[in-house]
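Here are some notes for a reader who has not seen this structure before.

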Amino acid sequence: MAVRNQSGMPLTPDDLNDLDKQIVEYLATEGRASPTLFMRAEDIDTSRQWVSSRFTRLAEHDHIRDLYETGIYELVEDPRKVSDE
C-alpha cells in the first residue's frame, strides 16, 4: 500500500540529504529503478532499509512514484529544482 504525503507539500532542495539527491539524479538519468538496483548500480554502502526509506520519503512527497506498486520507481518531479509558484 502506498503511503501518501500528509502535508501536501513538496520537498525543497534544502530538505534533501546526499542520498536523496543521488537517488533523484539516478532516476533522472536512468529512468527507473528499484532500491536494490540503485544500490548495486551506484555501489551504495548503507543498508537496504535506509535506501528504501529514502525512496519511500520521496514517493510520499510525490517526487517519485512506485509503478503499479512493483517496487520500481520513476521520477515525477525533481525536488532539486525550486518552483516559482
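1. In this predicted model, the axes of helix α1 (residues 18-30) and α2 come within 11 Å and cross at roughly 95°. An angle of 65 to 115 degrees counts as roughly perpendicular, so α1 is roughly perpendicular to α2.

2. The contact between these two helices involves L19, Q22, I23 and Y26 on the α1 side. On the α2 side, the residues are L37, F38, A41 and E42. By type, the residues of the contact of α1 with α2 are six nonpolar, one polar and one charged.

3. Helix α1 also packs with helix α3 (residues 48-60), at an angle of about 70° and with the axes 10 Å apart. Because of that angle, α1 counts as roughly perpendicular to α3.

4. Which residues of α1 meet α3? They are L19, D20, I23, V24 and L27. From α3, the partners are W50, V51, R54, F55, R57 and L58. The residues of the contact of α1 with α3 comprise eight nonpolar, no polar and three charged.

5. Turning to the loop, S34 lies between β1 (32-33) and α2 (35-42). Is S34 buried or exposed? S34 counts as buried because its relative accessibility is 15%, and buried means under 20%.

6. Leaving aside neighbours within four places in sequence, S34 is in contact with F55, G71 and I72.

Conventions:
Residues numbered from 1 in each chain as written. Predicted model: local features only at pLDDT ≥ 70, side-chain atom pairs only at ≥ 80, totals over all residues. Heavy atoms only, no water. Helix = DSSP H or I, 4+ residues; strand = E, 2+ residues; numbered from the N terminus. Buried < 20%, exposed > 50% of the residue type's maximum accessible area, 1.4 Å probe, protein only. Contact = heavy atoms within 4.5 Å. Axes fitted to C-alpha atoms, helices over the stretch in contact; angles between N-to-C directions. Parallel < 35°, antiparallel > 145°, perpendicular 65-115°, else oblique. Nonpolar A, V, L, I, M, F, W, Y, C, P; charged D, E, K, R; others polar.
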